[in-house]
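Subject: Structure for you to look at

Hello,

Here is the structure I promised to pass on. My notes follow below it.

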Amino acid sequence: MKWMHVTYRIAASADDIDARAEALAREQSVECPAAAVRDVRVREAVMGKVIAIGPDGPDHFRACIALALETVGDDAGQLLNMLFGNASLQPDVSVLDVAWPDGLPDLPGPRFGVAGVRERLGVPRGAITCTALKPVGSSVAALAALAGQQARAGFHLIKDDHGLADPVSAPFAERVPAIQAAVDAANRDTGGRCVYAPNLSGGPRAVQRQLAICRSAGVGAVMLCPLVLGVSQVVELVRDELDVPVLAHPALGGGLRIDPALLFGTLFRLIGADMVIFPNHGGRFSYDVASCQQIAAALSMPLGKHAPALPVPAGGMTPERVGEMCASYGEDVVLLVGGALLAAEDPARAMRGFVEAVAAEGVRHG
């Protein structure tokens, strides 16, 4: 019998918590009353078991529940379902952590990891610079021109904005080859190795068409939103289709009542993300310093055979925060600044200044 140990936070009284935890264990495993489970094997090997309960602030408790790994298999969507499927409909429950005493589910993890991304981008050490193509609604010509400007400024990585899917203003089939051509031209002129990461979106057939376009254009990375695209589809892409690094975007991740370090640091890494974007503290989102540090730690801590992935703190970041972010995350980090550079009086100068500031931090700490 193999189990995963899931820690939930439950709002309950001291009188009710034992029964509430037992009910949650059944809900997230056999989904029926214990009296209905007459098969001995199901009772012993599948039905969830409460391992421990402890207080967690006023009127809240932490309950560690063992759930059978056989119910997950190698399906990332089913992993999310067994962790939190029905319980997500119960507002008194959130998911805090998962431990794997009997081994991990059979998921791919990062194909490239920190070392592979560094090799692909030609950045052997120091923080990696990243920026975004904005705003949504721009024409193909405007986005390609911007990408060329960003690549000439020295960025290591340029990504589509996550809202840039297949719009009439810049269809994927036209946008991606044009942007890649602009980046390639800039690389030839500067000797750089800037990589463009288009945003994959849509159903399986649409994504397959997009992958064919990416391969034909010669793109060096892709971005995707696992919770929009579907985590099971992401796993299939990583296992069977993608031979370039994956940059994962956190869209929809804030409403799941799953601890951010678990969701972005562990689960996104398990499904194959080599780099994970998350909201940095002090930006336009509400994450605090501790949460961000926990996400970054989860992306690098031992996780079975899986390589570490790169944290990408983002969300309203500015060039003035380069030193702070480098000090906070160390050199294994991707620093993503987008809108603040485009809003500058002289965007090209702001882009160069950001890249130079990151390089200077690398020298200072090298």
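Start with Asp-59, which is exposed at a relative accessible area of 57%. Here exposed means over 50% relative accessible area, buried under 20%, and partly exposed in between, with a 1.4 Å probe and protein chains only. Asp-59 is in the loop between β2 (49-55) and β3 (60-68). Its phi is positive, about 60°, although Asp-59 is not a glycine. Helices (H or I, at least four residues) and strands (E, at least two) are DSSP runs, numbered from the N terminus.

Before the rest, the ground rules. This is a predicted model, in which local features need pLDDT of at least 70, side-chain atom pairs count only at pLDDT 80 or more, and totals for chains, interfaces and linings use all residues. Residues are numbered from 1 along each chain as its sequence is written, and side-chain values use heavy atoms, with hydrogens and water left out.

Other backbone points

Leu-252 also has a positive phi, about 80°, and is not a glycine. Leu-252 sits in the loop between β10 (246-248) and α10. Its relative accessible area is 57%, so Leu-252 counts as exposed. The peptide bond from Lys-134 to Pro-135 is cis, with omega near -10°. Pro-135 belongs to the loop between β5 (128-133) and α5 (140-152).

Domains

The protein chain splits into domain 1 (3-99) and domain 2 (112-365). These bounds come from an automatic or database domain assignment. The domain centres, taken over C-alpha atoms, are 35 Å apart. The contact between them takes 18 residues from domain 1 and 13 residues from domain 2. Contact means heavy atoms within 4.5 Å.

Cores

The largest nonpolar core has 98 residues. Such a core is a set of buried Ala, Val, Leu, Ile, Met, Phe, Trp, Tyr and Cys residues joined through side-chain atoms within 4.5 Å. Met-4, Tyr-8, Leu-79, Phe-268, Leu-335 and Phe-354 have the most contacts inside it. Helix α10 gives the most to this core, seven residues. Both domain 1 and domain 2 give residues to this core, so it lies between them. Another core, of 19 residues, lies apart from it and includes Leu-121, Ala-197, Leu-247 and Leu-336.

Cavity

How many cavities of 30 Å³ or more are there? The count comes to one. A cavity is a set of points, on a 1 Å grid over the protein atoms alone, where a 1.4 Å probe fits but cannot get out; lining residues have an atom within 4 Å of a point. Points are joined across faces, edges and corners, and a volume is the space filled by probe spheres set on the points. The largest cavity holds about 60 Å³. Its lining residues are ten nonpolar, no polar and no charged. Nonpolar here covers Ala, Val, Leu, Ile, Met, Phe, Trp, Tyr, Cys and Pro; Asp, Glu, Lys and Arg are charged; the others, Gly among them, are polar. Leu-79, Val-231 and Phe-268 are among the residues lining the largest cavity. α10 (260-270) and α3 (76-84) each supply at least two lining residues. The largest share, four residues, comes from α10. Domain 1 and domain 2 each provide at least three.

Two last residues

Gln-210 is in helix α7 (residues 204-217). Its relative accessibility is 6%, so Gln-210 counts as buried. Leaving out residues up to four places away in sequence, Gln-210 touches Phe-172, Asn-199, Leu-200 and Ser-201. Gly-304 is exposed, at 67%, in the loop between α11 (289-300) and β12 (310-314).

Best wishes

Definitions and conventions: On a 1 Å grid over the protein atoms alone, a cavity is a set of points where a 1.4 Å probe fits but cannot get out, and a pocket is an open set with protein on both sides within 12 Å along at least five of seven lines; lining residues have an atom within 4 Å of a point.
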